[in-house]
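Take a look at the chain below. This report walks through its confidence, its core, its rings and its charged pairs.

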Amino acid sequence: MSVSYNTINSAGRKRKAEDEEPSAEDRMSTSPSPSLHQRSLPAQRVTKRLRPATTGRPLPLPRLLETLDADSLRSILQTICQRHPGLGAEIEQTAPRPSVTSALAVLKQYESTFQAAFPFGGSPTSDYAYNRVRPALTNLLEALADFTPHFLPPSEAQASQSLSFLDSATEFIHRLPDWSTFQHRLHKQNAYEEISKAWTSVIQEAAKRAGGVHIQYGGWDQKLTKHNQQSGGKLHEAVDEMSKHLGWMGGHSTIQQHGGRGDDLSSVRQELLSGTYGSNLPVRVGPW
């Protein structure tokens, strides 16, 4: 039986169209995938940084030094210098030079401690009082003996600084008690002898510079004379040295030339130092 060409051709197109249509399973398998923002991503695990535990630790050295008072710091430095002697010279070179004011402040502290050590009641010059204050007295005298050479030439080049320190240091000695026992009074007597030598050294060195201008002005001659009187003449060597080097004093022959008096050198010197010399001399009028 013969089949027409149109019938065959129509069946072929139908079959081809069926072959091209995807099946239900194919449509399900080829369905579009959801977008990235619609997908559920796995949750990220957050890792916490481990912090070190808080533990105690010593203070840094700068903070430690801030907590120390002067006495503690001084004690530590002395201990270190004893263990390492070489550090002592380095500290001396590094530390600022003590001034007259700072040195006198230290001496004042020693004097305050000394005065506070006296017992209540009784005689302040008795042996009992001396035994009570002897350690503080020793500390004061040792400090005075250490500070004095520091302000003498050549350690101290400025005569004004040396004289200023000696003026105040002598006052410390004046304020020491006159103990009842002669042996105890030797402390004060020895201190006067040492301070007199210090005055003499400074005067000799100052006289070599600028014609002794540093000792001519500032009233140092009058201050020294007052100290000598208050000490009972124990600074006479320094007074003699001052008289010898004053620019306006030329010696015994010059004094006789101006005054023509029979006064001895000692009395004339005292008048010069007190500023009364020549007050009773006649005034010459006319050409010299």
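pLDDT is the predictor's confidence in each residue, from 0 to 100. It matters here, as this is a predicted model. The chain has a mean pLDDT of 79, and 68% of its residues reach 70 or more. One is residues 248–265, for which the model has 26 contacts beyond four places in sequence.

**The core**

The largest nonpolar core holds 44 residues. Within it, Phe114 and Phe165 touch the most other members. Helices H6, H7, H8, H9, H11 and H12 each give two or more residues to this core. H7 gives the largest share, 10 residues.

What does Phe165 touch, leaving out residues up to four places away in sequence? Its partners are Val100, Ala103, Leu104, Leu107, Phe147, Thr148 and Phe151.

Ser162 belongs to helix H8. Is Ser162 buried or exposed? Its relative accessible area is 1%, and buried means under 20%, so Ser162 is buried. Beyond four places in sequence, Ser162 touches Phe151, Leu152, Pro153, Glu156 and Val202. The peptide bond from Pro153 to Pro154 is cis, with omega near 5 degrees. Pro154 sits in the loop between H7 and H8.

**The rings**

The model has four aromatic pairs. Phe114 and Phe118 make one of them: the ring centres are 5.2 Å apart and the planes stand at 70 degrees, so this pair is edge-to-face. Phe118 also pairs with Trp179. Here the centres lie 6.1 Å apart and the planes are at 15 degrees, so the pair is stacked. This second pair links distant parts of the chain, 61 residues apart. Phe118 is in the loop between H6 and H7, and Trp179 is in the loop between H8 and H9.

How accessible are these rings? Phe114 is buried at 3%. Trp179 is buried at 3%. Phe118 is buried too, with a relative accessible area of 18%. Ring pairs join Phe114, Phe118, Tyr130 and Trp179 into a cluster.

Charges meet rings as well. The charged end of Arg175 sits over the ring of Phe172, 4.9 Å from the ring centre. The charged end of Lys223 sits over the ring of Trp220, at 4.3 Å from its centre.

**The salt bridges**

The structure holds nine salt bridges. Three of them are set out here.

| Pair | Closest N to O | Relative accessible area |
|---|---|---|
| Arg63 and Glu66 | 3.2 Å | Arg63 48%, Glu66 56% |
| Lys108 and Glu111 | 3.2 Å | Lys108 41%, Glu111 2% |

Salt bridges that share partners join Lys108, Glu111 and Arg175 into one network.

Where do Arg63 and Glu66 lie? Both are in helix H3, three residues apart, about one turn of the helix. Lys108 and Glu111 are three residues apart in helix H6, so about one helical turn separates them.

Glu111 counts as buried, while Lys108 is partly exposed. Arg63 is partly exposed, and Glu66 counts as exposed.

Conventions:
Residues numbered from 1 in each chain as written. Predicted model: local features only at pLDDT ≥ 70, side-chain atom pairs only at ≥ 80, totals over all residues. Heavy atoms only, no water. Core = buried A, V, L, I, M, F, W, Y, C linked by side-chain atoms within 4.5 Å. Buried < 20%, exposed > 50% of the residue type's maximum accessible area, 1.4 Å probe, protein only. Helix = DSSP H or I, 4+ residues; strand = E, 2+ residues; numbered from the N terminus. Contact = heavy atoms within 4.5 Å. Phe/Tyr/Trp six-rings, centres within 6.5 Å; stacked < 30°, edge-to-face > 60°. Lys NZ or Arg CZ within 6 Å of the ring centre and 35° of its normal. Salt bridge = Lys/Arg side-chain N within 4 Å of Asp/Glu carboxyl O.
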